[in-house]
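Subject: Handing over the structure

Hello,

Here is the structure I promised you. Please open it and keep it in view as you read.

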Amino acid sequence: MTADGTSGPLRIPRRPRGRWKPWLALAVVAAITAVTASPQWGVAVAFDAIARNWQNGALKIVQLLQPDWAFWPRTVAPLLETLQMAVIATVVGALLSLPLSLWAAKLTNPHAVGRGILRTVLNAVRSVPDLLYASVLVAMVGVGALPGIIALVLFNVGIIVKLVSEAIESNDAGPLEAGRAAGGSQLQVNRAIALPDVWPSFINQTLYVFELNVRASTVLGLVGAGGLGLLIDAVRTYYRYDQLSLIILEILVIVVVIDLVSSAIRKRLV
Amino acid sequence: MSVIAPPKPRSRILLVSALIVTAVVVASFWSVDVTWSRLIDLPADIARYLWLMFSAPTWEKLPEALAQTWRSVAMAWIGTVLGIVVATPLSFLAARGFGPAPVRWALRGLFSVIRAVPEIIIAIIILSVTGLTPLTGALALAINGVGTLGKWGYESIEGVPRGPIEAVRASGGSTSQVLRWGVWPSATPEFLSFWLYRFEINVRSSAVLGLIGVGGIGDMLTSYTQYREWSTVGMLLIVVVVVTMSIDAVSAAIRRRITEGARTR
Amino acid sequence: MTIHSHDSAGVGTTVPAPAPWAIRMRDVTVRYPNGVVALDGITLDIEPGEMVSVVGLSGSGKSSMIRTINGLVPITSGSLTVGGHALESTSGRQLRRLRGEIGMIFQGFNLAGRTSVLNNVLVGRLAHTSLWRTLLGAYTDADKQIAFEALDRVGILAKAWDRASSLSGGQQQRVAIARALSQQPRLVLADEPVASLDPPTAHAVMGDLRRINEELGITVLTNLHLVDLARTYGTRMIGLRAGEVVYDGPAATATDADFERIYGRSIEAEDVLGR
């Protein structure tokens with residue numbers, strides 16, 4: 001007996017089409033993985049080399065587990081430089097990003113062409129990782145903290161502008177309309193009306209970027225751009241993995257501490 | 001008679017924190033080892049280098065650049081896949097309601113620690129075992145990936161609506177069945193989304209890993225930068241930007257399809 | 001810098017606003033890019049100092065009409081003169097200066113929630129403030145004094161430093177009125193000012209608008225969709241339907257039949273506010 005009271009075999013509706021799609025996707029993924037893992041074309045996932053070198057590696061791992069605490073004083077100056085770079089880059093990046101974020105959002109910049117150009121440029125800038133910028137900048141301006149700071153700024157601005165302009169776009173257009181109705185120019189209403197609403201998001205993203213900067217600046221020195229990275233490069237050349245281990249511990253501590261502090265502040269912001 | 005305004009409230013906390021922040025910032029600017037006077041020459045210098053790089057990029061070397069890019073992307077792909085394979089079961093164990101408390105805390109701690117160590121350092125550490133090969137890069141990306149994917153994974157599982165889970169449990173399902181039928185359907189779009197996002201990040205990181213010699217486009221970039229062959233450097237930068245932006249665009253399109261068109265099967 | 005002086009006024013008296021403006025519309029048509037004709041050949045005269053209620057269903061053109069007066073919506077054809085200034089030929093800086101003399105309040109209050117009430121009211125002084133002062137947030141003392149007096153006039157001076165979003169709906173609309181007042185306007189436009197408010201608050205806000213009109217002599221134009229409010233607050237009523245004027249007469253004597261003609265349907269409960 002079926003639902004509408006008639007008897008007879010059930011009329012089962014047809015299964016929806018397109019169920020092959022996930023299987024196709026899985027097949028594509030498997031194919032790509034196979035190609036990228038093969039020796040000729042790709043990465044050569046050859047674990048036999050690892051098996052051979054294992055003993056070698058085991059010694060190093062043991063070294064890593066015994067940090068050289070006496071090395072601590074020599075890490076202080078590079079550590080401070082790392083933090084300085086992160087702070088300066090965040091400040092400069094934030095100052096540059098604020099007007100650019102207003103420029104990139106539709107609500108605060110009605111001119112689509114200018115917005116489009118800015119967005120494309122920023123997307124291009126964001127495609128290059130910070131270490132690559134640092135590497136090229138070191139060749140341009142020399143070794144030290146300056147190329148590191150510039151690299152971080154380039155890295156920051158793209159991120160902050162993208163996130164803050166998205167936050168602006170999610171705001172209400174009404175208050176800005178009221179400002180224009182009162183006779184304000186676009187710049188005036190942006191400053192007097194849009195900015196106060198954008199402020200919490202901006203501070204939030206700046207703190208987030210500060211965290212990223214601290215993590216990034218720990219390794220920028222590997223290409224000569226200042227901070228702990230220079231020390232890391234030095235100790236690894238001498239295979240002093242115990243000293244490396246101390247440096248890693250310090251990085252962990254800083255990152256975790258800043259992460260906690262920053263989260264606490266960001267929670268109180270909204 | 002003029003109206004008398006109420007007094008303006010002053011926030012102590014705001015003032016103190018502003019002072020602290022300003023002090024830290026000023027101290028940083030002042031104590032950092034940078035000759036600020038060089039900043040004046042900087043724009044002109046940079047303009048000159050940009051001209052050297054982009055006025056006549058060395059397109060003849062493009063095939064080599066593309067080959068190296070393929071290696072970097074392959075590194076990123078394997079690293080992502082390995083990371084997913086290891087992280088996904090771990091993130092289930094680390095989620096509230098699926099793993100016992102001590103295991104959860106241990107896993108979460110592990111994720112945090114792995115996440116905090118930059119990939120390039122991981123690569124340096126495992127270099128001694130795996131050598132200067134792209135595999136090292138892939139493994140470094142995978143290991144770091146376990147930390148990030150693990151965290152996103154358990155957060156996603158915990159954010160799944162409780163209803164379907166209770167339904168499966170109530171009809172007597174085992175834990176694996178709860179996972180497959182209660183959690184997985186709701187969580188899939190999010191998982192796929194951050195897997196793709198992680199791939200995007202890994203593509204960028206793989207270029208960076210080349211800097212320590214594991215191969216890929218970063219390797220090529222470092223060499224030509226050291227030789228100061230700016231026109232090749234310019235070409236390489238263009239290649240990096242174009243490839244990364246394309247992968248980002250494709251990945252974003254797929255992610256949009258996934259989150260908007262998520263259908264139950 | 002021309003700032004109206006306040007020291008010559010006595011205790012408790014108000015400084016008269018500058019001479020109110022009249023509105024003259026001749027065959028004004030508004031056609032949007034998507035083809036919709038919002039206003040169709042409107043001819044109207046509003047005298048200085050009048051308080052006019054504009055009624056009509058949504059889609060009748062009320063919102064468009066009120067926005068043509070300060071140029072937020074451009075007119076497609078016809079002529080629109082506000083205070084002797086022709087809107088068709090005003091743009092850029094002149095338009096901003098014109099808008100500076102026209103205050104506007106909205107249904108959604110349109111305040112910047114995260115900043116203080118005072119900063120919101122100071123938005124009304126933007127047309128008289130230089131860009132640098134705005135960027136630095138450094139309004140002149142005279143401007144701040146004008147803002148405080150505007151807040152006092154609507155009775156919420158004590159809230160001057162409070163965050164705008166922490167106020168109730170009625171209080172927020174009062175801030176919006178203060179913002180309009182701080183412009184020292186010759187004309188105030190109100191687009192459905194009480195649609196989001198409960199009855200007692202709505203009457204209070206409409207009462208404020210009426211007081212502004214009677215005490216300061218400012219021309220006030222209000223869009224309303226509630227029948228009893230339209231009759232009570234305002235001397236004259238204009239009814240719009242499908243972009244045309246279908247009623248223009250005294251507000252107090254408008255009958256239910258008149259409203260039914262304007263709305264094209266009988267009056268329902270939702271059209272009356274009540275106490």
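Below is what was found, chain by chain and then between chains.

This is a predicted model: local features need pLDDT of at least 70, side-chain atom pairs count only at pLDDT 80 or more, and totals for chains, interfaces and linings use all residues. Residues are numbered from 1 along each chain as its sequence is written, while chains are lettered from A and ligands numbered from 1 in the order in which they are written.

**Chain A**

Start with the domains, whose bounds come from an automatic or database domain assignment. Chain A has domain 1 (20-63) and domain 2 (69-269). Their C-alpha centres lie 34 Å apart.

Next, look at two helices. Helices (H or I, at least four residues) and strands (E, at least two) are DSSP runs, numbered from the N terminus. In chain A, α3 (residues 72-104) packs against α8 (residues 186-219) at an angle of about 150°, with the axes 9 Å apart. That makes α3(A) roughly antiparallel to α8(A). Angles under 35 degrees count as roughly parallel, over 145 as roughly antiparallel, 65 to 115 as roughly perpendicular and the rest as oblique. Axes are lines fitted to C-alpha atoms, for helices over the stretch in contact, and angles run from 0 to 180 degrees between N-to-C directions.

The crossing of α3(A) and α8(A) is right-handed. A crossing is left-handed if the near helix is turned anticlockwise from the far one by less than a right angle, and right-handed if clockwise. Their contact has 12 nonpolar, 8 polar and no charged residues. Here Ala, Val, Leu, Ile, Met, Phe, Trp, Tyr, Cys and Pro count as nonpolar, Asp, Glu, Lys and Arg as charged, and the others, Gly among them, as polar.

**Chain B**

In chain B, α3 (residues 62-93) and α8 (residues 175-209) pack at an angle of about 145°, with their axes 9 Å apart. α3(B) passes α8(B) in a right-handed crossing. This contact divides into 10 nonpolar, 6 polar and 1 charged.

**Chain C**

Which order do the strands of the open sheet take in chain C? The order of the 4 strands is β2-β1-β4-β5, with antiparallel pairing. Two strands pair if DSSP finds at least two bridges between them. The edge strands are β2 (37-46) and β5 (85-86) of chain C, and each pairs on one side only.

Now follow the pairs:

- β1 (residues 23-31) of chain C is joined to β2(C) by 6 bridges. Val30(C) has Leu39(C) as its bridge partner.
- β1(C) is joined to β4(C) by 5 bridges. Arg26(C) has Ser79(C) as its bridge partner.
- β4 (residues 77-82) of chain C pairs with β5(C) over 2 bridges. Thr81(C) stands opposite Ala86(C).

The hairpin of β1(C) and β2(C) has 5 residues between the strands, and Gly35(C) there takes a positive phi near 95°.

**Between chains**

Two residues are in contact if their C-beta atoms, placed from the backbone, lie within 7 Å. On that rule, 50 residues of chain B touch 50 residues of chain A. Helix α5 (residues 119-130) of chain B gives the most to its side, with 7 residues. That side has 34 nonpolar, 11 polar and 5 charged residues.

For chain C, 24 residues are in contact with 18 residues of chain A. The largest share of the chain C side, 4 residues, comes from α2(C). By class, that side has 10 nonpolar, 9 polar and 5 charged residues.

Best wishes
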